[in-house]
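Visitor: I have this one open and would like a walk through it. Where do we start?

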Amino acid sequence: MPEELTQEHPGLSVVAFIGLGNMGTPMTRRLLDAGHRVVGFDLSETAMARFTTSGGTSAATPEVAAAQADVVILMLPNSDIVESVVTTGVAAAMRPDALLVDMSSSEPMRTRTLAEKVRLDHDIELVDAPVSGGVQGALNGKLVIMVGGSDTAVRRLTSTLELMGKPTHVGTVGSGHALKALNNLLSATHLMITSEAILAGIRFGLDPEVMLSVINGSSGRSGSSENKWPNFILPETYDSGFALRLMLKDMRIATDLAEQLKVPSMLGNEAVGLWSTAAQDLPADSDHTEIARWLSQQEPHKNV
Ligand code: NAD
């Protein structure tokens, strides 16, 4: 049973935040608004300027940020970057009692290995706390936060995480990352099948808004029909703030995990193949909702 977290431990006052992109920026705003001192670092000068304008304190390096903090939060693209940031200085720079929290969508097995490494090398505890809810959820403090780690560490973090959303303690370290990747495999797969269904309905002569309204009261509904189609695809803005390459990364994490665990991932592998083809066809910075437009441009009955 998931453990709902309580607010029995006070927040940690100084937060280092590394990775101030689409998600990191609104997440730091929630922490700043609540009175935390947030010391941030990002490779992008634009991201740093945006962060300092909203009241954050900039650090010259990730290590400088980490050395000042009670909790160090990472919101980075992937495990390669997380490992490099942590092992090239952040873990070594951290205060002995500080907690390291990876809120990125990283690879669960690598997270376990990294947790063991920072524990042995630096006596630092790593907690994984990836999120769902997108940029809008980050802005509103309504993220779903999937937390993996020891009871003690997770309790210490709870009130800080609650400023960004709703944390649920889902298991030991790495469990949050496993659940996040599996969630996104579902999300990507139903976005594709929802898009196929709506394109067929439009070609038949149905009004897509009528279709969505009926589907959303029926058994075919999902986050794709309730949120992505009405908010980003029908208005043709394709600006959810979640990149297609990041979605594909998460799908691959999930299907690789299934392979390592020797459980079937037949539909999942098929979905990864289709999203990979789309990723090759589309510009590198495409939003993941572009999958619907890409699909509409494929030849009918052709297996891509
Ligand atoms: P993003 O690409 O907008 O932001 C990532 C940031 O990390 C960038 O600003 C980049 O400059 C910075 N960065 C890269 N390497 C760095 C380094 N070595 N040191 C410091 N900064 C570095 O990505 P995002 O959309 O904010 O996503 C971040 C993470 O959250 C990813 O793991 C993603 O899968 C996950 N996620 C994203 C969403 C979403 O809707 N965007 C939702 C849930 C989870």
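Guide: With a term: a residue is called buried when its relative accessible area is under 20%, and exposed when that area is over 50%. Keep in mind too that this is a predicted model.

Visitor: Fine. What share of the 304 residues is buried?

Guide: Buried residues make up 49% of the 304 in the protein.

Visitor: And how many helices and strands are there?

Guide: The protein has 13 helices and 10 strands. Its radius of gyration is 20 Å, close to the 19 Å that the globule rule gives for 304 residues, so the protein is as compact as a globular protein of that length. Along the principal axes, the C-alpha atoms fill a box of roughly 65 × 45 × 35 Å.

Visitor: Let's go to helices. How do α8 and α10 cross?

Guide: Their axes come within 10 Å and cross at roughly 65°. The two helices are therefore roughly perpendicular to each other. α8 passes α10 in a right-handed crossing.

Visitor: Which residues meet there?

Guide: From α8 there are Ser187, His190, Leu191, Thr194, Ser195 and Ile198. They meet Gly223, Ser224, Ser225, Lys228, Trp229 and Ile233 in α10. By class, that contact has four nonpolar, seven polar and one charged residues.

Visitor: Take Trp229. Buried or exposed?

Guide: Tryptophan 229, which lies in helix α10, is buried, with a relative accessible area of 4%.

Visitor: What does tryptophan 229 touch?

Guide: Leaving out residues up to four places away in sequence, tryptophan 229 touches Leu191, Thr194, Ser195, Ile198, Leu212, Ser224, Leu234, Pro235 and Ala292. Of these, Leu191, Thr194, Ser195 and Ile198 are also listed in the α8 side of the contact with α10.

Visitor: And Ser224, buried or exposed?

Guide: Serine 224 is buried, with a relative accessible area of 1%. This serine is in helix α10.

Visitor: How far is serine 224 from asparagine 140?

Guide: They are 84 residues apart in sequence and 20 Å apart in space, C-alpha to C-alpha.

Visitor: And tryptophan 229 from aspartate 250?

Guide: That pair is 21 residues apart in sequence, and the C-alpha atoms are 20 Å apart in space.

Visitor: Back to α8. At what angle does it pack with α9?

Guide: Helix α8, residues 175-204, and helix α9, residues 208-215, pack at an angle of about 135°, with their axes 9 Å apart. That makes α8 oblique to α9. The crossing is right-handed.

Visitor: Which residues are involved?

Guide: Ala197, Ile198, Gly201 and Ile202 in α8 meet Pro208, Met211 and Leu212 in α9. These divide into six nonpolar, one polar and no charged residues. Ile198 and Leu212 are also among the residues that tryptophan 229 touches.

Visitor: Now α11 and α12. How do their axes run?

Guide: The axes of α11, residues 244-260, and α12, residues 266-281, come within 10 Å and cross at roughly 155°. That makes α11 roughly antiparallel to α12, since an angle over 145 degrees counts as such. The crossing of α11 past α12 is left-handed.

Visitor: Where is glutamate 236, then?

Guide: Glutamate 236 is in the loop between α10 and α11. Its phi is positive, about 60°, although glutamate 236 is not a glycine. Glutamate 236 is exposed, with a relative accessible area of 56%.

Methods
Residues numbered from 1 in each chain as written. Predicted model: local features only at pLDDT ≥ 70, side-chain atom pairs only at ≥ 80, totals over all residues. Heavy atoms only, no water. Axes fitted to C-alpha atoms, helices over the stretch in contact; angles between N-to-C directions. Helix = DSSP H or I, 4+ residues; strand = E, 2+ residues; numbered from the N terminus. Parallel < 35°, antiparallel > 145°, perpendicular 65-115°, else oblique. Left-handed = near helix turned anticlockwise from the far one by under 90°. Contact = heavy atoms within 4.5 Å. Nonpolar A, V, L, I, M, F, W, Y, C, P; charged D, E, K, R; others polar. Rg over C-alpha atoms; globule rule 2.2 N^0.38 Å. Buried < 20%, exposed > 50% of the residue type's maximum accessible area, 1.4 Å probe, protein only.
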